[in-house]
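Trainee: Could you walk me through reading a ligand site in a model like this one? I'd like the general idea each time, then the case at hand.

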Amino acid sequence: MTDTDSKAEAVPRKPRKWLRRGFVGAVIVFLGLQLVPVDRQNPPVVADIVAPDDVKHILRRACYDCHSNETRWPWYSYIAPGSWLMAHDVKEGRNYVNFSEWGDYYDETDTAIMFQDECWDDIESGEMPLWFYLPLHPEAKLTDEDIATLKRWWGEEVNEEVAEDDASSSEDEEEDSSEPAQANAG
Ligand code: HEC
């Protein structure tokens with residue numbers, strides 16, 4: 001014990017000066033980083049996705065920070081280098097899917113079906129929302145109930161479409177029912 005104590009005391013004091021200089025240097029670099037401009041704009045919402053309230057609530061909670069023009073910019077989005085990462089993810093995210101512009105590229109009548117087409121793979125595989133977002137936004141984690149709500153949404157829409165298709169195809173049948181009837185007769 002006493003041996004190691006005396007050894008510790010014997011350590012030369014010089015490295016501490018370098019440590020202090022290194023620390024001051026790091027602080028200066030850190031402050032310098034804050035001067036790099038970061039784009040934290042929220043452009044206007046032009047054609048927000050139309051969905052039932054419960055679905056919309058899930059999307060707002062779990063996706064809107066990166067996939068809409070209604071990003072909530074938290075405190076760490078003002079401090080580099082976190083701010084760069086966040087601005088980059090939002091820019092990328094909006095490029096891929098932007099729920100604030102959804103109505104511009106998809107018809108309102110089959111929103112749920114298009115949503116499934118575009119997003120389901122990423123949700124099911126757990127890729128979205130991005131994993132590193134979750135510790136800071138636990139509310140964004142999709143629960144089994146959320147998943148069930150999303151599935152119910154497009155399940156209903158698919159059923160509606162099937163019902164419509166059935167209705168229109170039976171109309172078609174009625175219109176040209178004479179042909180197959182004749183074929184059968186012959
Ligand atoms: C923390 C930011 C963030 C959150 C939250 C987030 N995403 Fe993403 N998303 C991204 C980024 C960045 C990309 C583009 C790069 C990539 O695929 O990783 C992306 C890509 C996507 C893509 C396109 C993938 C492809 O390869 O075509 C889909 C679909 C998607 N996200 C859906 C969602 C859905 C649905 C949610 C909510 C349940 C969500 N994202 C939440 C950042 C996010």
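Mentor: Gladly! Helices (H or I, at least four residues) and strands (E, at least two) are DSSP runs, numbered from the N terminus. This is a predicted model, where local features need pLDDT of at least 70 and side-chain atom pairs count only at pLDDT 80 or more, while totals for chains, interfaces and linings use all residues. Residues are numbered from 1 along each chain as its sequence is written, and side-chain values use heavy atoms, with hydrogens and water left out.

Trainee: Which helices each supply at least two residues of the shell around the ligand?

Mentor: They are α4 (64-67), α5 (82-96) and α7 (111-124). A residue is near a molecule if one of its heavy atoms lies within 4 Å of it. Here 18 residues surround the ligand, and C63, C66, H67, E118 and M128 are the closest.

Trainee: What are the protein donors of the iron atom of the ligand?

Mentor: Donors are N, O and S atoms within 2.8 Å of the metal (3.2 Å for Na, K and Ca); water is not among the atoms, so sites may look incomplete. In this model the protein donors are H67 (NE2) and M128 (SD), 1.9 to 2.2 Å from the iron. H67 lies in helix α4 and M128 in the loop between α7 and α8 (144-175), so the pair ties together parts 61 residues apart in sequence.

Trainee: Why is the arrangement octahedral?

Mentor: Six donors count as octahedral if opposite donors are over 155 degrees apart and all others between 65 and 115. Ideal angles for six octahedral donors are 90 or 180 degrees. The six donor atoms around this iron subtend angles of 86 to 178°, which makes the arrangement octahedral.

Trainee: Where is P129?

Mentor: P129 is in the loop between α7 and α8, and a cis peptide bond joins M128 to P129, with omega about -10°.

Methods:
Four donors count as tetrahedral if all angles lie between 85 and 135 degrees; four count as square planar and six as octahedral if opposite donors are over 155 degrees apart and all others between 65 and 115; anything else is irregular.
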